[in-house]
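Reader: Could you take me through the aromatic residues and the strands of this model, one question at a time?

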Amino acid sequence: MIDIKHLKTIATLKDTGSLVNTARELFLTQSALSHQIKDLENKLDCQLFERKTQPVRFTPQGMLLLELANEVLPKVEATKCRLKESLNQPISQLRLSVECHACFHWLLPTIKEFNNFWPDIKIDYERGFSYDAIPDLLNDELDLVLTSDIREPDKLEYAHLFDFKLKLIVAPDHDLAKKAYVTALDLKNETIISYPIPRERQDIFKHFIQNARFDGTLKNVDQGLLIFQLVSAGMGVAALPDWLVTPYESQGLIKSIPLGALGLTRPMYLAMKKDMKDNPVYRHFLNTCKQNNGR
């Protein structure tokens with residue numbers, strides 16, 4: 001009754017947030033997509049999502065089907081990878097670097113999940129974090145790079161994993177904690193605590209403060225936990241991905257605020273050589289990252 005194509009449709013609808021984008025992603029006409037969904041809803045005798053919402057809002061029944069898709073589709077894809085493995089050159093390791101310090105929060109569980117399926121393939125992330133790993137990828141010193149910035153798109157493939165919100169975090173009693181959102185001017189004299197990344201590569205400066213005047217201080221800290229401790233103690237503010245912020249905010253240690261009235265959304269990509277984009281091992285690692293979705 002429920003086909004793989006139905007699960008792919010539901011999963012894509014969740015990823016894209018709209019019927020128009022889902023139809024484009026699945027190479028269907030909107031009419032064909034609507035007919036497919038309506039046929040599935042008739043078979044299941046329930047409505048899967050609320051119409052005319054942006055992004056699409058799933059009903060409880062639709063969420064159950066989405067859970068099934070999240071469980072089944074990676075297994076189907078992984079099995080297809082195994083079936084194709086004999087047709088591809090064996091891979092013994094994937095050399096990975098990360099241009100996002102905060103990614104390790106969800107990357108390590110992702111690597112463990114990948115290795116449960118590919119125990120003979122070593123994920124070599126000894127290089128760990130690098131604020132500019134793309135040159136090493138181009139020089140064949142790396143196989144994969146997690147990044148938010150697209151560079152050399154004619155030479156590399158950038159697979160979109162997910163989007164995330166960059167949030168400003170402050171102490172609960174900080175003057176900015178009462179604001180609905182902050183502006184670049186609000187940060188003019190602040191101490192901004194960040195990972196040790198050059199200012200020109202930091203999202204808060206590249207995509208938010210930009211050319212606005214900044215007379216404050218930039219303080220570099222190696223460890224994420226120390227960033228939260230310093231912010232909680234009122235010794236500065238920081239801009240971090242939402243997946244990293246939520247656990248600390250739920251404990252009341254910090255307060256998060258949107259950057260700008262609309263918030264600052266950034267993408268996460270997995271970069272690789274173009275000739276490797278269809279390799280089943282690479283595809284499986286990509287899909288495992290997508291499944292974890294920054295959690």
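Author: Buried means under 20% relative accessible area, exposed means over 50%, and partly exposed lies in between, with a 1.4 Å probe and protein chains only. The model is predicted, so local features need pLDDT of at least 70 and side-chain atom pairs count only at pLDDT 80 or more, whereas totals for chains, interfaces and linings use all residues. Residues are numbered from 1 along each chain as its sequence is written, and side-chain values use heavy atoms, with hydrogens and water left out.

Reader: Is Phe117 buried, partly exposed or exposed?

Author: The relative accessibility of Phe117 is 23%. Because this value falls between the cut-offs of 20% and 50%, Phe117 counts as partly exposed.

Reader: Which kind of pair do the rings of Phe164 and Trp243 make?

Author: Rings of Phe, Tyr and Trp (its six-membered ring) pair if their centres lie within 6.5 Å, and planes under 30 degrees apart count as stacked, over 60 as edge-to-face and the rest as tilted. For Phe164 and Trp243 the centres are 5.2 Å apart and the planes stand at 70 degrees, so the pair is edge-to-face.

Reader: Which strand holds the bridge partner of Val98, and which residue is it?

Author: Strands (E, at least two residues) and helices (H or I, at least four) are DSSP runs numbered from the N terminus, and two strands pair if DSSP finds at least two bridges between them. Strand 3 (residues 93-98) runs parallel to strand 5 (residues 144-147), and three bridges join them. In strand 5, the partner of Val98 is Leu146.
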